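Student: Could we go through this structure together, starting with how its elements are assigned?

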Amino acid sequence: MQFSEAWLREWVDPRLDTRALSHLLTMAGLEVEAVEPVAPPFTGVVVGEILSARKHPDADRLQVCQVAVGEVEPLTIVCGAGNARAGLKTACARAGAQLPEMVIRQAKVRGVESFGMLCSARELG
């Protein structure tokens with residue numbers, strides 16, 4: 001059976017480290033085979049709110065979004081998400097962010113500067 005360590009910590013002393021918690025469970029008769037992270041590590045990802053989304057001038061399947069990420073000016077991000085719309089809050093990887101399989105860089109996508117990437121759960125691992 002798999003379950004979240006965060007859920008388990010609601011029921012035990014939250015000060016225990018993972019190794020001590022695994023040992024206590026095993027001593028109670030519940031063998032712990034492995035402790036695995038739910039997702040690979042990533043950095044530079046924040047919650048962003050899409051302020052506007054319009055069709056890309058040179059691509060049918062792309063959108064140009066203005067995304068608020070807590071800075072004075074919103075970021076311009078070109079994305080291929082068909083469900084991107086104003087008001088949606090999503091994971092936003094800023095330029096320089098490290099995702100499980102890639103590093104996000106500022107890039108020109110079909111002539112429009114993009115300063116990050118809107119991420120799906122799959123892209124975050």
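Tutor: Helices (H or I, at least four residues) and strands (E, at least two) are DSSP runs, numbered from the N terminus. The model is predicted, so local features need pLDDT of at least 70 and side-chain atom pairs count only at pLDDT 80 or more, while totals for chains, interfaces and linings use all residues. Residues are numbered from 1 along each chain as its sequence is written, and side-chain values use heavy atoms, with hydrogens and water left out.

Student: Which element gives the largest share of the lining of the largest pocket?

Tutor: That is H2, with four residues. A pocket here is an open set of points on a 1 Å grid over the protein atoms alone, where a 1.4 Å probe fits, with protein on both sides within 12 Å along at least five of seven lines; lining residues have an atom within 4 Å of a point.

Student: Which residues lie nearest the centre of that largest pocket?

Tutor: Met1, Gln2, Phe3, Ala34 and Val35, out of 19 lining residues.

Student: Turning to H2, which of its residues are buried?

Tutor: In H2 (residues 18-27), they are Leu21, Ser22 and Leu25, where buried means under 20% relative accessible area and exposed over 50%, with a 1.4 Å probe and protein chains only. Seen down the axis of H2, they fall within an arc of 100° (taken from the directions from the axis to the C-beta atoms), so they line one face.

Student: What do the buried residues pack against?

Tutor: They pack against helix H1 (5-8), contact being heavy atoms within 4.5 Å. The face of H2 turned away from the buried side carries exposed Arg19 and Met27.

Student: What follows H2?

Tutor: Gly29 follows H2, and its phi is positive, near 100°.
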